[in-house]
Amino acid sequence: MQFSFEFFPSRDNAGQLALDMAVQQLQQWQPAFASMTYGAGGSGQQASLSGTSRLLQQQLATAAHLTCVGASKSEVQAAAKQFVAQGVDHFVALRGDSPDGDYQPHADGFAYANDLVAGLREWFAGTISVAAYPEVHPQAVSAAKDMHFLKAKLEAGADQIITQYCYDTDTLLRFAEQAQKAGIEAPILMGIMPIHDIAAVQRFSARCGAGVPQQLIERFATYQQPQDITQLGIEVAYEQCQRLLENGFDQFHFYTLNRSLLTEGVLNALQASKPSLALTA
Ligand code: FAD
C-alpha cells in the first residue's frame, strides 16, 4: 500500500500553524510524497513556494502542483524552475481554472495540461503526475474525449495519474477499467477525501463537478455529535479504500485539507485492517 498526502498553502498564521501540525503528524506515515496545491498569480505562487518549502523542511519527497492559468509559457517554466531550485523533484501538472469559471488559455501560454507536461519534459527529468476525473471533467466534450486527453498527457511524458476524489466507488472502478481499455498503463493514485463536514463537501463538490451520493448524505444526517461525525468520515473513507484494495488498487492520494485527524484515522484502520468504530446515533 502506498500513500501520498495533499496540502494547500496557507496565508495567515493560524492556517500555517494548522498546516505545519498536519504535516508533522502525517509525515510519520512515511508517504511516497506530499504535494502542495498551486494558486496562479503572484501571491498565490508565493504561497505555494512557501508551502512546498515547509514540506521540504520536513524531509518529505515533495510534489509541487503547477497550472497554466493566466501565465505565459516562459512564466510557467520560470515558476517550475523556482520549485526545482527549492528541491522539488515532482510536479502535478494541471491546466487550472480561470477565476470566473470560463477558461481561456493565455495568449502565449500552455493551453492544456498535456501542453504543460510536454513543456516540462523539455528539461525536467523528475516525476510528473496528472489529474483525472472518474466522473468526467465538467468541461469535457464527452467521457471518451476526456479519456483521450488523459492519454495525451501520458503520451506527453507524464508518469502517473491522480484522480479527483469520487465518493461513488463503482464509478471510480469503472473509470479505471475504461482507462485500461484505452491502453493506459500508468499507475492510478486513487484520490481519497475523507469527509469532515458533509455540507462543506457538498458545496465544494458542486463547484468542481463531483457528486456526493444521496445515500452518503443520509448516512451523515444520522449523526449530530462531532466525534461521531469524525468517526463516520473515517469509516466511509476506510470502506472505500478497502473496496479499492480488494480490486487491486493500493495507491491512495489523500486530500487532507490540512487536517491530519481523519486521514490518520483511515490509515490506522487500514493498518489494523478493520475500523475500530463505536458510533452512537
Ligand atoms: P486538462 O487535462 O487540460 O483538461 C481540462 C479540460 O479540457 C477537460 O475537459 C479535458 O477533456 C479538456 N482537454 C484536455 N486537453 C485538451 C486539449 N488538448 N484540447 C482540447 N481539450 C482538452 N487546480 C488548481 O488551480 N491548483 C491546484 O493545485 C490543483 N490541483 C489539483 C489536483 C488534482 C489531483 C486534481 C484532480 C485537480 C486539481 N486542480 C487544481 C483542479 C484542476 O486545475 C481543474 O480541475 C481544471 O479544470 C482541469 O485541470 P486538468 O489539468 O485536469 O486539465
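Reader: How many bridges join strand β2 to β3?

Author: This is a predicted model, in which local features need pLDDT of at least 70 and side-chain atom pairs count only at pLDDT 80 or more, while totals for chains, interfaces and linings use all residues. Residues are numbered from 1 along each chain as its sequence is written, and side-chain values use heavy atoms, with hydrogens and water left out. Strands (DSSP runs of E, at least two residues) and helices (runs of H or I, at least four) are numbered from the N terminus, and two strands pair if DSSP finds at least two bridges between them. Strand β2 (residues 33–36) runs parallel to β3, and the number of bridges joining them is 3.

Reader: Why is strand β3 largely enclosed by the rest of the structure?

Author: Buried means under 20% relative accessible area, exposed over 50% and partly exposed in between, with a 1.4 Å probe and protein chains only. T62, A64 and L66 point one way from β3, whereas A63 and H65 point the other way. Strand β3 (residues 62–66) is largely enclosed because the buried residues number 5 of the 5.

Reader: Which residue lies over the face of Y103?

Author: A charge sits over a ring if NZ of Lys or CZ of Arg is within 6 Å of the ring centre and within 35 degrees of the ring normal. At 3.9 Å from the ring centre of Y103, the residue over its face is R95.
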